[in-house]
Amino acid sequence: MARDSQAALVALNRFGLGARGGASGDLVNAASDPRGFVKAELARPYGVLLEAPGLQSTPQLGQAAFAYQDQVKQAREAAKAGAPTEAPPQAPADQKPDTKLRRNLSLNTVTAEIAGPMAEAKPTDGAMKPDGMQPGAAPPAAAKPAQPLNVIQKTFRTEALARLQRAMMVDCGFTERLVAFWSNHFCISASKGELARMWAGAFEREAIRPHVLGRFADMLKAVEQHPAMLFFLDNQQSLGPDSRAGQNRKRGLNENLAREIMELHTLGVGGGYTQEDVTSLARIITGWTFAGRKGQIGLPGSFAFNANAHQPGPQVLLGKTYEANGLAQGEAALADIARHPSTANFVATKFVRHFVADDPPPALVARMRDVFVKTDGDLKALATALVDSDEAWKAPLTKMRSPYDFLVASGRLLARVPEDPGFYLNSLNLLGQPLWTPAGPNGFPDTAAAWAAPEGMKLRLDIASQMGARLGPNIDPLDLLEFAAGDAASPETRRTIERAESRQQALALLLMSPEIQRR
Amino acid sequence: MIDCVENRLLTSRRGLLLGGASFAAWAYLPKFARAADGRDPRLVVVILRGALDGLATVAPVGDPDYAGLHGSIALATDGAHPATRLDGFFALHPAMPEFARMYRDQHAAVIHAVATPYRDRSHFDGQDVLESGYAGPGRVQSGWLNRALEALPRGERVSSGLAVGPTTPLVLRGNAPTVGWAPVALPQADDDTAMRLVDLYRHRDPALAAALTQGLQLEKAASGDDMKPKPGNAVAQMRQVARGAAKLMAADDGPRIAALAFDGWDTHANEGGPVGRLAFLLGGLDGALAEFESGLGERWRDTAVVVATEFGRTARINGTDGTDHGTGTIALLAGGAVKGGRVISDWPGLKPANLYEGRDLKPTTDLRSVIKGVLQGQFGLSDQVLAQTVFPDSAAARPMKGLVA
């Protein structure tokens, strides 16, 4: 078969995470059999799972978080009582996108951000005396030890690093793109609180990854029963009004999770449900919670069905009656919602928008919807059908890479496997896509309008320049252009890189080129 | 009063995700204070990335072909912004009054029609040759300044070579330990890079061009500036870098050798003549030299600064009032140790037949001879070490004598 570099660009960028630099030969491999290159990963369902030393299960993480919270509480009480004690752990530095940083992004801030935690200690009064240069003197960086990370910060960074390393090393990256797509579809936010931050990575590993090549209904159930989701959307606080717990306490129903299940996870706005359906589903899933630190209803930190909080009796949802059946009542309801025609339509639209075009071609959406319906939500069949479609290969490359995809594509091209997630986490904060921390339960946006915004482009350029300054001296920019795009690179891009004044500048321009930014 | 800040990222490079070369920490290095005359020599190497237009910086106003070739951007010794006469033939760009003063005081010199052995027109390869010290391009991982450091006699008390900027320039990379320093405000995405990207986007991706342009404008608006290049900033940044480096080098046991790079000399379009873009950059370089002079204080007496670039630019201006990649250019020397007040040149002439490939100032002096002369004069390195270790296979390029007092 003739080599097709343009199709290789589609294979690597539209479907994957970009070509790797070094000697991987990704572009050549993709060019010789573009569809096969993308689909190869679909044949390895277990390859999607993420297991690495140091990654723990949700209950283990929950217990560690509870223990940490107890420790902080004790320290605070001891301090109140006047006893000398260790300072309570600091809030994690990368917990939230720092709005101050985003607004006033001096280039130097990026420098410091990229330097990671070692650079966080601020120089005193902006001056380091030349005395510091004395031979034998301790390196200045060692002068001020950084606050040790607490278990929640450490866990978040460990999970982030595992995900990033996988993204850097995987062949094409199509399955990792699917993971990110579904993880954003069923997002939680790590900013919800310590448990959400602790569980963000585990949620993706446990509820998303096992199902991205499985069935939508199974993913839906795994997601809605995951402690991270129950905590994020407050279902652990929701009590059936007529349940034992609801009658004992003055609290009642919380519709949050039920509403988002129908609006964001399955049927979509306008998908044919009413407020009465929301309330009904909320009642159906009362009692879906996780066991607390005392472990009264299960292993602390694990999913639990609290019958005491569950609304008794049958419920009518979308015209169908679900008999009182404890946990199974909600599971039956979710199974039906998962195969609802509105769900097929909503998922197909979002899927095509993510991979093909901001305005998804209606014919392709219709085909994806049919596949979803015919296969009863087989997500591997859905992914395969997308790769088999001609539209996905012929549509112009107008999608904008998200900040995460941009940073990963850059790291892959530069053949850097990170040993510390700091640069990525900080850059994602700056670029407005903090890892596992969207602003709302609708996840991060997925259109060029969101990511090709003026401020965002300027910040990307700053970060690309920073990478260029740091790594440029060691690379040959023209070699890298060959790895990234080969003869599918535009003459203008090639000329811009050839004519750059320095390798550093050439690398920054390459990373910012349409060949990298668009997919 | 010290407005330079030790940059943490350089000393914590080991922990860096994107860290470049491994970075030796503090180390004892040769002491080369010369017992005989009590001198304590210092050397600063300034790389101008992008290929400086030597004919626009030190103009051969006495050459009858100069004004015609350099056209609208040619310097003249009369008019609103007259170039400073250096001798009966050459004149200095008016944006460099400090260098002119040093020249008058015989502490600055110009070497004209110089080039490295590189004869092609790629910045990347040209910079490799300039900094590696090898005769041709190749991905060598050490630079001539580092190998010179290694070759110095062992001593004590004196710390490593100083790499100024976010990365160690190739010229200073190698086995000999170096330390890094960068001013906190060192620019990253500079205007030149931004403009090149906007230009690419205009041709290939108008939507991104619009977004990026607006993003840049917003930033300028926020910093009270407009879309024009910011000469003040570039100039201020060069001065700031030099001031910080000078401060470090002035210490009794500070580094004796430093290397730094200034970007932005690739003047393809709208280069400007006595005023304009190149003039702004030269003003920054001039200010940086002045900062070295004042920052080094008494040490300036023993200091030589070498300013070099990867190649020159075409003798004839192009259709966009700029110049393209050329060959012969200048090297500048400044410092109390320099035997200055001279333009050293075996002038090839600018007649069409005398131009290199009919385009460029023909190089008549090997830049390696100039650098070797400075290294030998300052640190006493032997001909043999210079010809074999510092600049491999360069015996034919003899060290230029008498550059340093």
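A:Arg503 is found in helix α26 of chain A, which spans residues 503-512; helices (H or I, at least four residues) and strands (E, at least two) are DSSP runs, numbered from the N terminus. The structure is a predicted model, in which local features need pLDDT of at least 70 and side-chain atom pairs count only at pLDDT 80 or more, while totals for chains, interfaces and linings use all residues. Residues are numbered from 1 along each chain as its sequence is written, chains are lettered from A and ligands numbered from 1 in the order in which they are written, and side-chain values use heavy atoms, with hydrogens and water left out.

The relative accessibility of A:Arg503 is 6%, so this residue counts as buried. Buried means under 20% relative accessible area, exposed over 50%, and partly exposed in between (1.4 Å probe, protein chains only). Not counting residues up to four places away in sequence, A:Arg503 touches A:Gly472, A:Pro473, A:Ile475, A:Asp476 and A:Pro477, as well as B:Phe124, B:Asp125, B:Asp128 and B:Arg139 of chain B. Contact here means heavy atoms within 4.5 Å.

Chain A contains 27 helices and four strands. Of its 519 residues, 57% count as buried. Among contacts in chain A between residues at least 6 apart in sequence, 74% join residues at least 24 apart. A:Cys172 counts as buried because its relative accessibility is 1%, and A:Cys187 is buried with a relative accessible area of 3%. With a disulfide taken as a pair of cysteine sulfur atoms within 2.5 Å, the count over all chains is zero.

A residue in a loop of chain A was also considered. A:Ala357 lies between α16 (341-355) and α17 (362-374) and is buried, at a relative accessible area of 15%. Apart from neighbours within four places in sequence, A:Ala357 is in contact with A:Val352 and A:Lys399. The C-alpha atom of A:Ala357 is separated by 45 Å from that of A:Tyr68, which is 289 residues away along the chain.

Helix α7 of chain B (residues 191-204) packs against helix α23 of chain A (residues 454-471), the axes coming within 11 Å and crossing at roughly 120 degrees. This angle makes α23(A) oblique to α7(B). Axes are lines fitted to C-alpha atoms, for helices over the stretch in contact, and angles run from 0 to 180 degrees between N-to-C directions. Angles under 35 degrees count as roughly parallel, over 145 as roughly antiparallel, 65 to 115 as roughly perpendicular and the rest as oblique. The crossing of α23(A) and α7(B) is right-handed; a crossing is left-handed if the near helix is turned anticlockwise from the far one by less than a right angle, and right-handed if clockwise. A:Met457, A:Leu461 and A:Ser465 of α23(A) meet B:Thr193, B:Ala194, B:Leu197 and B:Tyr201 of α7(B). By class, this contact has five nonpolar, two polar and no charged residues. Ala, Val, Leu, Ile, Met, Phe, Trp, Tyr, Cys and Pro count as nonpolar, Asp, Glu, Lys and Arg as charged, and the others, Gly among them, as polar.

Helix α7(B) also meets helix α25 of chain A (residues 491-498), with axes that come within 9 Å and cross at roughly 165 degrees. The two helices are therefore roughly antiparallel, and their crossing is right-handed. A:Glu492, A:Thr493 and A:Thr496 of α25(A) make the contact with B:Arg196, B:Leu200, B:His203 and B:Arg204 of α7(B). These residues divide into one nonpolar, three polar and three charged.

Within chain B, helix α6 (residues 144-151) and helix α12 (residues 383-390) pack at an angle of about 135 degrees, with their axes 10 Å apart. The helices α6(B) and α12(B) are therefore oblique to each other, and their crossing is right-handed. On α6(B), B:Trp144, B:Arg147, B:Ala148 and B:Ala151 meet B:Val385, B:Thr389 and B:Val390 on α12(B). This contact comprises five nonpolar, one polar and one charged residues.

B:Val370, in helix α11 (residues 367-379) of chain B, is buried at a relative accessible area of 0%. Leaving aside neighbours within four places in sequence, B:Val370 is in contact with B:Ile111, B:Val114, B:Leu333, B:Thr365, B:Met400 and B:Leu403. The C-alpha atoms of B:Val370 and B:Leu403 are separated by 8.0 Å, and the two residues lie 33 apart along the chain.
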